[in-house]
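Please open the model in your viewer and keep the selection panel at hand.

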Amino acid sequence: MSLLWPSLSESGLQAKAVESDAVVKPVSGLGSLATTSSSPSTPEDGTDSNRILVVGGEGNYLHIADGRKILDACGGAAVACLGHGVKEVSDAIMSQVATISYVPWGFLDTQSRRDLSKWLSESSDGHFQKAWITSSGSEAMEGAIKLAHEYFVWTGEPQRVNFIAREESYHGITLGALSMGGHLVRRGPFESLLLPGVYRIPACNAYRQKLPEETDEEFISRKVEELEQAFIEAGPDTVAAFVAEPVVGAAAGCVPSFPGYFKAMKAVCDKHGALLILDEVMCGMGRTGTLHAWEQEGVTPDIQAIGKGLGGGYLPASAILASGKIVQAMEAKNATFTHGHTYMDHPVVCAAALRVQQIIQRDNLLGSIRSQGQYLEKLLRDRLLSHPNVGDVRGRGLFWGIEFVQDKVTKKPFDPELQLARRIHETALSDPYNMAVYYGQGCAGHAKGDHVMIMPAYNVTREVIDIIVDKFAAVVDDVFGKLENDTNLRN
């Protein structure tokens, strides 16, 4: 069965390839898929020459209008967790559309919303007692921030308006979420608009922060002291929450927390009466090998944001999850969360997300993520760590980042103007490699440091993993081969 758009048959694709003569062109922007067409862009036809036209998708592959098939090794931004073209999910969407496509969440409800909320609660053994279904990670984080403050309004501490967050982090692009994040490039144009009252501490990046002579216990103690000092600076009774990603995604390239880190951070929060907000928009819903990434940390958050892997890209799906502690405070005041969007708790979004999660559960994909993730880790380490410019290979499950450095001993990053990670991404996307990987800058701090992320679908096979690593290793050799005489490379 063809999964291509009806107006673009296989024969049509071949004709389109001849007519468009599309070629890959370097562009700025994180994780973009770029082409230049021989025909100029016009407002009338909606053409954007900085984006490749995708006309279909099946499994691990995207079908491109120029006739190519792109191996999707990243699922966009770790979104397409089941791959493309899963009929069960599209059937669930159509069934819900036929039943009821929209109701206003404020005074009407649907069974799909109730079913998804129940499933999310059960997924945490009842820890989460309420879910608000939203449509992007930014929305979910924006709501999580507001919920944390309103919790303290309900409990009689409305002065808790400050937050503590981390450098080299990213929590969304709306103003509140952007204020929490430490992604300098994305914050830059909007600094004057961002919220005050966000106190920042260093991230937990053992590769770049742990001293050679430092024991594990000493490293964690240093992290504890950083958080303690932030509480003191802000005023302990003014802090609403500490905000963090269990495994840092786009801002740092799949950096996992150090063992014991979150237990220690949670203890500091509890000591000062603050909440713990975990942003699992990118690393959650199975991506790291457990449904919730915090299951590997020995802590439970008071509030959590999820997204990307929740709906697998079939519809825009995210959620704000509230623990029993938050819900009980709300109910004790007979209050409601002062928050809402027109499309919150959307019935079709809920139906799509629930079916994605049911497939993950039914097919034991969490087990597959762990086993295939170990295989991917081994191949990446075996093939790349001997490269003179690969500084680190890190991650969990099917969430892996590769950091590139000028010098493996000093860990000196490349000049950001070289845009090394973007070059790797664009080379991978072009012939003969035809593979999509995600890229970013900033993992070394101060907008420096190049990383590339590999995040395949949860049902990826060993054979496809072999292809991904083979292609990626060849891409790395290709890019560095072309740069070996570039003065930016060694200086």
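Where is the place of Phe190? Select Phe190 and look at the loop between α7 (184-187) and β8 (198-201); helices (H or I, at least four residues) and strands (E, at least two) are DSSP runs, numbered from the N terminus. This is a predicted model, in which local features need pLDDT of at least 70 and side-chain atom pairs count only at pLDDT 80 or more, while totals for chains, interfaces and linings use all residues. Residues are numbered from 1 along each chain as its sequence is written, and side-chain values use heavy atoms, with hydrogens and water left out.

Phe190 has a relative accessibility of 34% and counts as partly exposed. On this scale, buried means under 20% relative accessible area, exposed over 50%, and partly exposed in between (1.4 Å probe, protein chains only).

Turn next to the salt bridges, of which the whole structure has 23. The term stands for a side-chain nitrogen of Lys or Arg within 4 Å of a carboxyl oxygen of Asp or Glu.

- Select Arg160 and Glu157, whose side chains form a salt bridge at 3.0 Å, N to O. Arg160 is buried at 4% relative accessible area, whereas Glu157 is partly exposed at 25%.
- Select Asp216 and Lys210, paired at 3.5 Å, N to O. Asp216 is partly exposed at 40%, and Lys210 is partly exposed at 23%.
- Select Asp382 and Lys378, paired at 2.7 Å, N to O. Both lie in helix α13 (residues 365-384), 4 residues apart, about one turn of the helix. Asp382 is partly exposed at 48%.
- Select Arg208, Asp392, Arg394 and Glu403 together to show a network of salt bridges.

For the last stop, go to Val268 in helix α10 (residues 261-272). Is Val268 buried or exposed? Val268 is buried, with a relative accessible area of 4%. Show its contacts (heavy atoms within 4.5 Å): leaving aside residues up to four places away in sequence, Val268 touches Val224, Leu227, Glu228 and Phe231. Finally, draw a distance between the C-alpha atoms of Val268 and Glu225, which are 43 residues apart along the chain and separated by 9.4 Å.
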